[in-house]
Amino acid sequence: MRIIRHLQRTRPRVVSPVVTLGNFDGVHAGHQAIVARVVDAAADRGGEPVAITFFPHPARVLAPARAPAPITSLRERLEALGGLGIGTIVAQHFTRAFSRLAPEEFVERYLVEALGAVHVVIGHNVSFGRDRAGNAELLRRAGERYGFTVEIVGPVRVDGIEVSSTEVRTRLAAGDVAGATRLLGRSYSIVGRVTVGKRRGRALGFPTANVRPRVPPIVPDGVYAVLVEHEGERFGGVANIGRNPTFGEGAPRTVEAHLFDFDGDLYGERLRVALVARIRGEVRFASPEALVEQIAADARQAREILG
């Protein structure tokens, strides 16, 4: 996988590029359907599958107060697109100046001059360019003028619901991990490095990895059954997301994962904590002993959920 940061007018060495564009936040089931068509169309043409994504999210530049919470970090987004078969990813820096490009200018400068696209695959509700005026019909007309073809994918529905990043966020914010998983096509994951915490878990008999996420978790505070990936291995576990109210008020929000059947040093390691199910909300207990009793019950329940 090749990553191009902030594509310029100079054309990179890409053979017969089949291109898609979008934010791809979450790389959910709808995005996956688009990428699958890009990969197949590139194979049919003997070309290379290419994705253009934007960072930061346009709303964070144009209307930061209304910007949606990211589902994934940029790194996770790029890894997911690469894992689906995209050979070249353009991570385009989104700025106010970039937002003022007319849709026709974006097509000419980036799709035609910079990439030389032969085929463009888009979602049915794509929008781009100044005032989000660019759409599928504009792309079709531009393709006729510049010599590339256009294919529209979607909408993609799961359980009768049209899949979108907004719908994924809605379910995560409500603690509906199972619903979000169906829309994502995989478990929602928290990814980050293990840092030194308060070491309370070890003292309580349940050592935890204090994971510092790359982006804040969207899910509500509480206890979750999880699958933790580390260096190609997977461990079942139970994780607490919250502020540990039993030990005082005003603590920062943390992600602490207890891995079943694991005994080792994880400090500094990168973990992927996949949320499988929400067990309960976060509670303030009267004593550490009461907390230990509840953690043991949570762990038993998590083992049952994970099978």
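## Helices and cores in a predicted model

Helices α7 (residues 165-173) and α8 (residues 177-184) pack with their axes 7 Å apart, at an angle of about 160 degrees.

Q: Why is α7 called roughly antiparallel to α8?
A: Angles under 35 degrees count as roughly parallel, 65 to 115 as roughly perpendicular, over 145 as roughly antiparallel and the rest as oblique. The angle here is about 160 degrees. Therefore α7 is roughly antiparallel to α8.

Q: What does this predicted model need for local features?
A: Local features need pLDDT of at least 70 and side-chain atom pairs 80 or more, while totals for chains, interfaces and linings use all residues. Residues are numbered from 1 along each chain as its sequence is written, and side-chain values use heavy atoms, without hydrogens and water.

Q: Which residues of α7 and α8 meet?
A: Contact means heavy atoms within 4.5 Å. Glu167, Val168, Arg171 and Leu172 of α7 meet Gly179, Ala180, Leu183 and Leu184 of α8. By class, that contact has 5 nonpolar, 1 polar and 2 charged residues. Gly counts as polar, and Glu and Arg as charged.

Q: What makes a set of residues a nonpolar core?
A: Its members are buried Ala, Val, Leu, Ile, Met, Phe, Trp, Tyr and Cys, joined through side-chain atoms within 4.5 Å. Buried means under 20% relative accessible area, exposed over 50%, partly exposed in between (1.4 Å probe, protein chains only). The largest such core has 31 residues, of which Phe106, Val107 and Leu139 touch the most other members. Its largest share, 6 residues, comes from α5.

Q: What does Leu139 contact, leaving aside neighbours within four places in sequence?
A: Leu139 contacts Val107, Leu111, Val120, Ile122, Phe128, Phe148 and Val150.

Definitions and conventions. Helix = DSSP H or I, 4+ residues; strand = E, 2+ residues; numbered from the N terminus. Axes fitted to C-alpha atoms, helices over the stretch in contact; angles between N-to-C directions.
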